[in-house]
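Please examine the sequence and the three-dimensional structure shown below. The paragraphs that follow lead through the model step by step.

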Amino acid sequence: GVLASSAALASRQTTVEAKAAVEQLAREFRASCVGGLRERVGALESSVAQCGDVVASFSERLETAEVAGRSFSRRSTALADELRSAVDEVRSEVHTALSSPSRRSFGEA
């Protein structure tokens, strides 16, 4: 009787200690997992922020390139207009010189 009750007590004691040990391991495991997840989430947030900075920088450069492209387009259009005008002037002078009675005026012009 005494031995049996002593064995039962020891068994309960061991069960309580085992449960406590398992609960402690579970707490440590959760803390470790949560800590690891927090670190990973932090790293991910940092990466997302860096990505956002890169996108913003790219957008700024793209806008700058678009402005430069429009400016170049305006300048090339203006240059083309000037060239057309100059060609028209020369064509007009040549036409005038060729249709004038004295062709020497073309050389004098």
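Predicted model: local features only at pLDDT ≥ 70, side-chain atom pairs only at ≥ 80, totals over all residues.

With which residue does Asp88 form a salt bridge? The partner is Arg91, and the closest N and O atoms of the pair are 3.2 Å apart. A salt bridge is here a side-chain nitrogen of Lys or Arg within 4 Å of a carboxyl oxygen of Asp or Glu. Asp88 and Arg91 are 3 residues apart in helix α1, so about one helical turn separates them. Asp88 is partly exposed at 42% relative accessibility, whereas Arg91 is exposed, with a relative accessible area of 53%. In these terms, buried means under 20% relative accessible area, exposed means over 50%, and partly exposed lies in between (1.4 Å probe, protein chains only).

Residues are numbered from 1 along each chain as its sequence is written, and side-chain values use heavy atoms, with hydrogens and water left out.

The overall form comes next. The protein chain contains 2 helices and 0 strands; helices (H or I, at least four residues) and strands (E, at least two) are DSSP runs, numbered from the N terminus. The C-alpha atoms fill a box of roughly 150 × 15 × 15 Å along the principal axes. The radius of gyration of the chain is 45 Å, while a compact globule of 109 residues would have one near 13 Å. This radius is taken over C-alpha atoms, and the globule rule is 2.2 Å times the number of residues to the power 0.38. Arg40 and Ser76 illustrate the spacing along the chain: they are 36 residues apart in sequence and 53 Å apart in space, C-alpha to C-alpha. Arg40 is placed in helix α1 and is exposed, with a relative accessible area of 61%.

Of the 109 residues, 2% count as buried. The chain exposes about 9,600 Å², of which carbon and sulfur atoms supply 63%; accessible areas come from the Shrake-Rupley method with a 1.4 Å probe, and for residues only the protein chains shown count as cover. Val90, Val94 and Leu98 form a nonpolar surface patch with about 240 Å² of accessible area together. Patches are made of residues with over 30% relative accessible area and no salt bridge, joining like charges within 9 Å and nonpolar side chains (Val, Leu, Ile, Met, Phe, Trp, Tyr) within 5 Å. Val90 belongs to helix α1, which spans residues 2-99, and is partly exposed at 49%.

The whole structure holds 2 salt bridges. One of them joins the side chains of Arg84 and Asp81, at 2.8 Å from N to O. Both residues lie in helix α1, 3 residues apart, about one turn of the helix. Arg84 has a relative accessible area of 49% and is therefore partly exposed; Asp81, at 40%, is likewise partly exposed.

Beyond helix α1, Ser100 is found in the loop between α1 and α2 (104-108). Ser100 counts as buried because its relative accessibility is 19%. A polar atom of the Ser100 side chain lies 3.0 Å from the backbone oxygen of Ala97.

Methods: Polar contact = N/O pair within 3.5 Å; in protein donor to acceptor, adjacent residues only side chain to side chain.
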